[in-house]
Amino acid sequence: MGQKPIKHQIFLCWVDVVADKTTKLAVEKNRDMGWKGILGFEYGIVQAPLGPDIAGPELVAAVANAGGLGLLRAPDWESPEYVKELIKKTRKLTDKPFGIGVVLAFPHKENIKAILEEKIAVLQLYWGECSKELLVEAHNAGVKVVPQVGSFEEAKKAINVGVDAIIVQGREAGGHVIGQDALISLLPRVVDLVGDHDIPVIAAGAIVDARGYVAALALGAKGICMGTRFLATHESYAHPMYKQKLIELDKTEYTDVFGRARWPGAPHRVLQTPFFCDWKSLPAQENESNQPIIGRSIIHGVEKEIRRFAGTVPNPTTTAVHVDS
Ligand SMILES: Cc1cc2nc3c(=O)[nH]c(=O)nc-3n(C[C@H](O)[C@H](O)[C@H](O)COP(=O)(O)O)c2cc1C
């Protein structure tokens, strides 16, 4: 972020990450070591399910076509027919396998039912526990289950349930972060915990290029999951102005100013925009729920009001309705 010119295609992003000379051997070796065999993807690169709708069919299909695991993002409300549409739209753009991410803290039962009916390759889970029951249901439908965890305890529970792979998220990660451990300390602990279990560990958090990939492999990961790196690609559904700001600005800060009501206890790394600098000392009792509406966005087909401090990632439909602060 910041230092490099915008990469306008997944392909270029790929060349940078995968084909870098220093990485090539490691990636080839990693491929032979089992990632492909277990989940069926060419490279150990996962594109995170960027919420609320930034990882859409175009991005996911582009990643799948390039040999990685692309993850759609399901709506935060029950909308099984819409979920099926998302999957169908993606299948029109790729004949490769792909997955979908579900945030368990939001309503999701009907969405997961639709996902299993569609027999998509991977169900990624976040912000909640994967039950044995869900795992059995998914496996009966031929769907692999891959939770993203942010702590040793969460990883332990996922391994005990018998998940198919684990994404380990360090606190460096973009988006709302679930844990407080740095990737470099958490990742090797989870790798040791997995031990002989056939569960590939995937590293997430501030990995943006070949060096990060190699570092993750050195710590015992079998693959990497990147989110921020995919935000400013041509195929991402983020608003063009947001993509541009990601490239232009290079200072970030860790904060809980945004989304306190919807994502309690979930700080995240944000760009130091003038708006953020003005409001970064927001009193602790304030949150987005009683703030003025500053914009509207059509998210997964539904028009939503965006309140100040909501921290919702803008998509191309987002319009501002109140911008005096
Ligand atoms: C804008 C944005 C939205 C995200 N939304 C989700 C989400 O809905 N579900 C999820 O599992 N992870 C989400 N993440 C976190 C990613 O899964 C991943 O942990 C993170 O992007 C890795 O760090 P990086 O952004 O430095 O690559 C999001 C990340 C970003 C940047």
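How many residues surround the ligand, and which are the closest? The views below begin with this site. The structure is a predicted model, in which local features need pLDDT of at least 70, side-chain atom pairs count only at pLDDT 80 or more, and totals for chains, interfaces and linings use all residues. Residues are numbered from 1 along each chain as its sequence is written.

**View 1. Surroundings of the ligand.** The ligand is surrounded by 24 residues, a residue being near a molecule if its C-beta atom, placed from the backbone, lies within 6 Å of it. The closest are G51, Y126, G174, G175 and G227. Two or more residues of this shell come from each of β3 (99-103), β8 (223-226) and α10 (228-231); helices (H or I, at least four residues) and strands (E, at least two) are DSSP runs, numbered from the N terminus. By class, the shell holds 13 nonpolar, nine polar and two charged residues. Here Ala, Val, Leu, Ile, Met, Phe, Trp, Tyr, Cys and Pro count as nonpolar, Asp, Glu, Lys and Arg as charged, and the others, Gly among them, as polar.

**View 2. The cis peptide bond at P52.** The bond from G51 to P52 is cis, with omega near -5°. Most peptide bonds are trans. P52 is placed in the loop between β1 (45-47) and α3 (57-65).

**View 3. Helix α7 and its cover.** In helix α7 (residues 152-161), E154, A155 and A158 are the buried residues; a residue is buried if 20 or more other C-beta atoms lie within 10 Å of its own, exposed if 12 or fewer, and partly exposed in between, with C-beta atoms placed from the backbone. Down the axis of α7 these buried residues fall within an arc of 100°, so they line one face of the helix; the arc is that of the directions from the helix axis to the C-beta atoms. Exposed residues E153 and N160 are carried on the face turned away from the buried side. The cover over the buried residues includes β5 (144-149), β6 (166-169) and α8 (183-194). Just after α7, G162 has a positive phi of about 95°.

**View 4. V168 in the nonpolar core.** The largest nonpolar core has 78 residues, such a core being a set of buried Ala, Val, Leu, Ile, Met, Phe, Trp, Tyr and Cys residues joined through C-beta atoms within 7 Å. V168 is among the residues with the most contacts inside this core. Apart from neighbours within four places in sequence, the contacts of V168 include A155, L183 and I202; two residues are in contact if their C-beta atoms, placed from the backbone, lie within 7 Å. A second, separate core of five residues includes F258, I306, F309 and A310.

View 5. An open sheet has the order β12-β11-β13, with antiparallel pairing; two strands pair if DSSP finds at least two bridges between them. β12 and β13 are at the edges with a single partner strand each, so one side of each lacks a neighbour in the sheet. β11 and β12 pair over six bridges, and I298 stands opposite E303 in β12. H300 lies in the loop between β11 (293-299) and β12 (302-307) and has a positive phi near 50°. F309, in the loop between β12 and β13 (319-320), has a positive phi near 75°. F309 counts as buried because 21 C-beta neighbours lie inside 10 Å, whereas H300, with 19 other C-beta atoms within 10 Å, is partly exposed.
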